[in-house]
Amino acid sequence: MSATGWFTLLPLFILGGASIAVMIAVAIRRSHALAVGLTLIGLALAFASLWVVAPETPRQVTALLIVDSYALFYMGLVIASTFAIVLLSHAYFERHEGNPEELYVLLLVAALGSAVLVASSNFISFFLGLEILSIALYALNAYLHTRRFPLEAGIKYLILAASSAAFLLFGMALIYAELGTMDFARIREMLTASPGASQVILLAGSALIITGFGFKLALVPFHLWTPDIYQGAPAPVAAFVATVSKGAMFALLLRYFYWSGSHHFGAVFLVFTVIAIASMVAGNILAMMQSNVKRVLAYSSIAHMGYVLVAFQAGGRLAVEAVTFYLVAYFITTIGAFGVVTMLSNSEREADEIADYRGLFWRRPVLASVFTAMLLSLAGIPVTAGFVAKFYVIDAGASSAIWLLVFVLIVSSVFGLYYYLRIVVAMYSGLHEEAAAPSSSLLPALSAGGGFVLAVLTILLVWVGVYPATLLQIIHSTVGRAL
Amino acid sequence: MYHLLWLIPALPFAGAFVLIVFGPRMADAAVKIIGPGTIALSAILSILMMGQFLTAPPPDHVYVENLWSWMNVAGFHPHVSLYLDALSMLMTLVVCFVAFLIHWYSTEFMEGDEGYSRFFAYMNLFVASMLILLLGANLLLLFLGWEGVGLCSYLLIGFWYTDPVNGRAARKAFIVTRVGDTAFIIGLFLLFTHLGTLNIQELMRRAVQEWPVGSLLPVAAGFLLLGGAVGKSAQLPLQTWLPDAMAGPTPTSALIHAATMVTAGVYLIARTHVLFTLAPAAMLAVAIVGAATLILAGFSALTQEDIKRILAYSTISQIGYMFLALGVGAWSAAIFHFMSHAFFKALLFLGAGIVINACHHEHSIFRMGGLRKQLPVTFWTFLIAGCALAGLPVITAGFYSKGLIIFDTEASAHGSMTLWVLAVVGVLLTSLYTFRMIFVAFFGDAKTAVGHKPRSAMKIPCIVLAVLSICGGFVETPRFLGDSHFFTGFLHSALPGVVLGTNPAMAELASELWVTLAFVVGLVVAYFLYIRNRSAVEALARPAVSRALHSFWHSDWAMDWLYDCVFVRPVMWFARVDKSDFVDSFYDGVAYLSESFYRGLRTTENGRIRWYAAGIVAGSLIFVAIVLFL
């Protein structure tokens with residue numbers, strides 16, 4: 001292992017180092033601002049280091065990790081999103097009792113786990129990354145441990161994640177037992193080289209690995225935990241669960257199934273088709289009559305992961321780019337939506353009932369407009385990032401002629417429009433009931449950091465929606481080149 | 001210099017954006033700077049660009065700026081690009097300049113209005129949309145501007161939305177023009193499916209290559225585009241929205257009538273003139289629509305009392321002239337009249353705004369009177385504009401532009417004597433209703449005390465426009481009056497000259513003399529009826545037949561009534577009768593089904609962790625079963 005090989009892991013080292021630095025800082029002096037400041041500096045350095053290591057890529061570092069432009073792109077996405085979520089968390093936890101400082105250690109560790117995931121080329125690093133991420137998330141979900149819902153969310157997530165990890169491990173074990181390798185690329189070679197391997201065991205192993213992915217990505221039928229966790233977790237943490245954890249997992253899903261060639265098994269393809277359809281339909285229908293905004297976002301994230309699966313199913317380079325584009329747009333909008341929820345939540349409870357949003361426009365026009373933009377993007381209305389993203393997914397699906405999936409995507413999107421617009425309508429109605437609104441207490445002032453995040457996200461949302469060429473170009477030259 | 005082209009539409013758009021976002025919290029003084037300021041910058045840019053266009057034109061007199069391409073799918077890759085040639089350059093200049101004057105005027109006119117910043121936000125957006133319409137290199141971008149203009153006209157006509165009448169007028173404008181827009185969209189689809197591009201220049205090239213003259217497709221496309229143009233430009237049979245559009249603030253009317261919106265149809269036809277030359281039937285239709293509109297609207301204008309409605313009908317009639325010119329292939333004559341019309345019609349509306357304000361929001365000219373002495377600047381500028389509208393020979397711009405159209409109507413290869421006669425009759429009508437308006441409102445005895453007197457921000461734009469209403473015509477004069485062909489020469493790179501017929505029935509001089517005669521007759525008749533001998537009007541109006549004619553014309557040839565009977569009422573009736581048909585039950589069924597699905601699925605979300613874990617186990621088992629047994 002040469003020195004430059006380790007050098008390319010610089011982003012991971014910085015993330016790990018930052019988490020230790022924050023931990024020590026907390027031990028010496030408890031200060032929210034200090035912890036946030038150190039975290040942001042660490043994230044910024046990690047982000048900058050991506051450019052430092054970029055010329056050295058692609059490079060396999062040990063048997064476990066590969067640092068290529070694909071991994072770097074997703075690391076950038078993970079780090080940037082964590083940056084935004086840290087700013088939102090600062091606004092959120094400023095208003096809460098208790099010690100918020102350790103939260104940032106956990107966020108950095110979770111980001112590290114996600115970064116490991118996107119660079120994994122081996123079952124071992126896959127599982128290590130997953131566990132680093134998951135363990136941080138257990139604690140993050142239950143961070144407000146004196147309250148009932150966060151605690152419940154934490155425990156539920158712990159038990160279910162652990163059980164799904166068992167399935168995942170068993171699946172990996174089955175494949176290892178049959179092929180004798182844990183390396184994704186080697187799996188492919190072995191599949192072609194040893195036709196005598198037992199198809200039964202390999203397929204069963206793939207199905208169990210899908211369980212592991214399905215749990216983290218909240219795909220039907222492994223989705224049942226999602227609304228409870230989203231509702232219970234503090235809003236910024238929910239944003240993290242919805243975006244960074246899922247995005248990293250999806251990046252790995254692409255890498256694993258394309259590299260190992262398992263995607264070409266007809267049966268695996270069929271399973272993903274079933275999952276995609278079930279996720280799109282169930283996610284959208286379950287969200288329809290929800291009265292809790294965080295649960296709506298949870299169900300909608302199930303549906304969105306179903307949409308991304310459609311692009312995944314299309315296969316090929318176009319699919320990789322469509323998936324990545326969709327994930328970026330989804331990150332922007334989801335962090336933005338949770339950002340609004342964060343901004344409106346006060347020290348007593350989350351602003352998560354639709355009733356809280358009634359007439360919001362007349363009280364907080366800017367915040368309501370931002371939320372509207374985010375919801376419209378989730379629904380895929382033109383001029384937003386969500387539209388272009390969905391367009392590329394449909395384009396990828398249509399070019400591979402997977403018509404059934406494309407059809408379900410389009411039909412189920414209609415349901416999506418319904419429940420997003422329900423929230424939008426609530427925000428713009430009730431000018432006269434404003435005085436009697438029970439939620440008038442839910443109006444903490446907009447913090448500078450949070451406002452900055454929302455402004456940047458809104459600009460990005462429209463920019464990507466109107467002028468997608470830059471992002472496409474970046475994706476094309478990084479992600480598209482690597483897989 | 002040319003690479004700054006994108007700034008011309010971007011600046012007003014940025015202004016609109018700033019005003020929409022921050023306007024409500026802005027001081028009026030800041031709004032005054034941002035609203036008209038951004039337009040002023042665009043106007044300055046377009047003046048400089050015009051200067052460069054005259055001295056150092058771009059290669060082939062065309063400058064294309066590709067900004068970015070929106071998407072690229074299956075051969076459909078609309079570029080967001082701007083196209084500057086002599087035609088769009090000229091129209092951009094006129095639009096920016098006149099719009100700036102109107103904005104300036106509005107800073108005083110709208111003073112104290114609750115929606116001060118909202119007004120300027122809409123106005124800026126209006127101008128920005130119009131500029132996108134003019135500069136768009138493809139029909140998609142043009143359509144974006146087209147719809148933006150429609151939206152802004154809706155917002156501005158219904159600006160004082162608390163009065164339901166205004167809301168109704170706004171909806172009417174929107175719906176009626178939408179009829180035309182539908183035809184336009186179908187036309188776009190037709191062109192795209194058959195020629196495979198939406199880039200206007202490319203479209204014209206391919207049309208010439210692939211379509212023989214007079215074949216079905218160009219005729220169909222021409223008629224569909226004409227449908228769109230007729231809606232936006234308020235021509236027969238979709239002109240009914242424009243008189244009601246007077247519900248908006250007066251500067252809005254000036255903007256709609258002079259610089260933006262109604263001239264969009266004229267621009268569309270001029271821009272796609274190649275297509276129309278391939279479709280003689282469509283061109284003839286354009287000419288007939290124009291001629292019929294100018295006559296019908298002229299009669300309607302004769303009977304109105306509301307000063308703004310008189311002007312509205314005169315706009316319809318003058319746009320009729322432009323359509324007539326387009327229909328006979330006199331493309332640059334139509335644009336010439338667009339320019340002079342922009343100057344004098346903007347001035348007329350601005351003057352009318354001053355008069356209405358001065359008379360305590362009185363609109364009827366019969367309750368004004370004697371304003372000549374009390375509002376001298378307004379009177380003189382209004383008189384100049386009126387003369388330009390009626391076509392006072394030799395000195396006014398209207399005389400030159402209208403004279404050129406009328407001569408071409410007869411002399412062009414596509415023209416005819418009948419159209420010429422109608423056009424000359426139109427001059428008589430124009431002269432008659434214009435001087436009726438001026439004599440009644442400004443001469444005679446004062447009937448109301450003048451209240452609000454205009455200050456400089458309202459007077460200076462009027463004076464500037466008055467100067468232009470006179471000087472604007474000297475850029476193109478007939479052979480016996482200086483023989484200047486600067487204007488058509490300038491446009492020649494974008495619009496071909498008129499194709500003259502083989503044996504013209506009359507010389508240019510004869511045509512101009514007839515026009516002059518018609519003008520004088522109108523003026524003299526108006527003088528005798530409304531200044532010398534008012535009782536003659538009453539005598540004329542007394543018989544039943546003239547009363548009937550009066551109310552017929554007053555209601556715009558009963559078009560509103562006709563549409564009400566033919567479209568509105570049957571549709572409403574059918575909607576009432578058909579309220580509970582089976583179609584709803586389908587959608588109700590969908591809603592009911594989704595709701596039951598929701599209820600069914602919701603039971604799976606019971607919050608019990610053992611159930612959730614069981615879900616994961618069951619899911620894995622099912623998938624293992626699928627991969628093993630399928």
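This report describes the domains, nonpolar cores, a loop residue, salt bridges and cysteines of a predicted model.

## Basis of the description

Residues are numbered from 1 along each chain as its sequence is written, while chains are lettered from A and ligands numbered from 1 in the order in which they are written. Because the model is predicted, local features need pLDDT of at least 70 and side-chain atom pairs count only at pLDDT 80 or more, whereas totals for chains, interfaces and linings use all residues, and side-chain values use heavy atoms, with hydrogens and water left out.

## Domains of chain B

In chain B, the domain assignment gives domain 1 (279–557) and domain 2 (559–602), such bounds coming from an automatic or database domain assignment. Between the C-alpha centres of domain 1 of chain B and domain 2 of chain B there is a distance of 47 Å.

## Nonpolar cores

A nonpolar core is a set of buried Ala, Val, Leu, Ile, Met, Phe, Trp, Tyr and Cys residues joined through side-chain atoms within 4.5 Å, where buried means under 20% relative accessible area, exposed over 50%, and partly exposed in between (1.4 Å probe, protein chains only). The largest nonpolar core has 204 residues, of which Tyr74(A), Phe126(A), Phe250(A) and Phe312(A) touch the most other members. A second, separate core of 201 residues includes Leu90(B), Ala270(B), Phe336(B) and Val427(B).

Leaving aside residues up to four places away in sequence, the contacts of Phe126(A) include Leu117(A), Leu168(A), Phe184(A) and Phe213(A), a contact being heavy atoms within 4.5 Å.

## A buried loop residue in chain B

Asn138(B) sits in the loop between helix H4 (116–135) and helix H5 (139–157) of chain B; helices (H or I, at least four residues) and strands (E, at least two) are DSSP runs, numbered from the N terminus. Asn138(B) counts as buried because its relative accessibility is 6%. Not counting residues up to four places away in sequence, Asn138(B) touches Pro78(B), His79(B), Leu198(B), Asn199(B) and Ile200(B), and its side chain reaches the backbone nitrogen of Leu141(B) at 2.7 Å.

## Salt bridges

Over all chains the count comes to 24 salt bridges, each defined as a side-chain nitrogen of Lys or Arg within 4 Å of a carboxyl oxygen of Asp or Glu. One of them joins the side chains of Lys156(A) and Asp228(A) (2.7 Å, N to O). This pair links distant parts of the chain, with Lys156(A) in helix H7 (residues 148–179) and Asp228(A) in helix H10 (residues 226–232) of chain A, 72 residues apart, and both Lys156(A) and Asp228(A) are buried.

In chain B, Asp85(B) forms a salt bridge with Arg271(B), and the closest N and O atoms are 2.4 Å apart. Asp85(B) lies in the loop between strand E2 (79–84) and helix H3 (86–109) of chain B, and Arg271(B) in helix H11 (residues 264–271) of chain B, 186 residues apart. Asp85(B) is buried with a relative accessible area of 4%, and Arg271(B) counts as buried at 6% relative accessibility.

## Cysteines

The count of disulfides over all chains is 0, a disulfide being a pair of cysteine sulfur atoms within 2.5 Å. Cys359(B) is in no disulfide, the nearest cysteine sulfur being that of Cys462(B), 15 Å away, which is too far for a bond. Cys359(B) is buried, with a relative accessible area of 2%, and Cys462(B) is buried, with a relative accessible area of 1%.

Methods. Polar contact = N/O pair within 3.5 Å; in protein donor to acceptor, adjacent residues only side chain to side chain.
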